[in-house]
Structures are given as C-alpha cells and as structure tokens.
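I opened this notebook to record, step by step, what I looked up in one structure and what I found there.

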Amino acid sequence: DWEAIAAVRRALPEIPMIANGSIYTYEDAQQALLVTGCDAVMSADGILQNPYLFAGPTENYPTDPIQQFNEYLSLAEALETPRRFIAM
C-alpha cells in the first residue's frame, strides 16, 4: 500500500526509507517513488519476472525471454562465470 508507506514517510522524514510492493516495471518504480516520497524502491517478484526492471523504460531492453537469457549467457561467458553460478 503505497499510500500507507507515504504516511510513514511523512511521519519520519529524517529516516532513509525504501518502498516495496507491486513494482513490476520501470514505470511502477517511478510511480512508487512519486507516491511514497521514499529514497529508493526495491522489487522481489518483479525483478524475477523482468531482470531489466531497473534498466529504464521498456523500449531500452529486450523483452523476449529467450533474447534476455542469451544475453545473460553471453555476459556470464565473457566474465568467466563458474557454471554453478550460472545455473543458480
């Protein structure tokens, strides 16, 4: 409930605060910052569904899961990531 988070933010403006909840897109993150007045946002389920969530507007990254996966594998290979970490 972003409005409830905003109420806490207004009551405790001196404490750094991170909003969470219902953040599935970059636009959701921007809206959460605007509504809550928090210093940052975090995402749990949203980042699992969209690993590019904080990369900016949707048009800035691939939306096809296969293309995302292939990019991930290319980066992992370039960085010589151990296979056990790639599987995770």
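The entries below follow the order in which I went through the predicted model.

**Entry 1, helix H1.** I began with the question of which residues of H1 are buried, and I noted Trp2, Ile5, Ala6 and Arg9. These four cover an arc of only 100° around the axis, which puts them on the same side of H1. I recalled that an α-helix has 3.6 residues a turn, so residues three or four places apart point the same way. On the other side of H1 I found Glu3 and Ala11, both exposed. I then looked up what the buried residues of H1 pack against, and recorded E1 and H2 as their partners.

The largest nonpolar core has 10 residues, and I listed Trp2, Ile5, Met17, Ala19, Ile23, Ala29, Ala32, Cys38, Val41 and Leu53 as its members. H1 and helix H2 (26-36) each supply at least two residues of this core. For Ile5 I checked the contacts while leaving aside its neighbours within four places in sequence, and I wrote down Met17, Ala19, Asn20, Thr36 and Cys38.

I asked how many salt bridges the structure holds, and I noted 1. Arg9 forms a salt bridge with Asp39, and the closest N and O atoms are 3.1 Å apart. Arg9 lies in helix H1 and Asp39 in the loop between H2 and strand E2 (40-42), so the pair ties together parts that are 30 residues apart in sequence. I also looked up the accessibility of both partners: Arg9 counts as buried because its relative accessibility is 8%, whereas Asp39, at 53%, counts as exposed.

I turned next to the surface, where Val8, Leu12 and Ile15 make a nonpolar patch of about 210 Å².

Is Pro62 buried or exposed? I recorded Pro62 as buried, with a relative accessible area of 15%, and I located this residue in the loop between helix H3 (45-49) and helix H4 (65-78). Not counting residues up to four places away in sequence, Pro62 touches Tyr52, Gln67, Gln68 and Glu71. Lastly I compared the positions of Pro62 and Pro16, which are 46 residues apart in sequence and 33 Å apart in space, C-alpha to C-alpha.

Conventions
Residues are numbered from 1 along each chain as its sequence is written. This is a predicted model: local features need pLDDT of at least 70, side-chain atom pairs count only at pLDDT 80 or more; totals for chains, interfaces and linings use all residues. Side-chain values use heavy atoms; hydrogens and water are left out. Patches are made of residues with over 30% relative accessible area and no salt bridge: like charges are joined within 9 Å, nonpolar side chains (Val, Leu, Ile, Met, Phe, Trp, Tyr) within 5 Å. Accessible areas come from the Shrake-Rupley method with a 1.4 Å probe; for residues, only the protein chains shown count as cover. A salt bridge is a side-chain nitrogen of Lys or Arg within 4 Å of a carboxyl oxygen of Asp or Glu. A nonpolar core is a set of buried Ala, Val, Leu, Ile, Met, Phe, Trp, Tyr and Cys residues joined through side-chain atoms within 4.5 Å. Buried means under 20% relative accessible area, exposed over 50%, partly exposed in between (1.4 Å probe, protein chains only). Contact means heavy atoms within 4.5 Å. The arc is that of the directions from the helix axis to the C-beta atoms.
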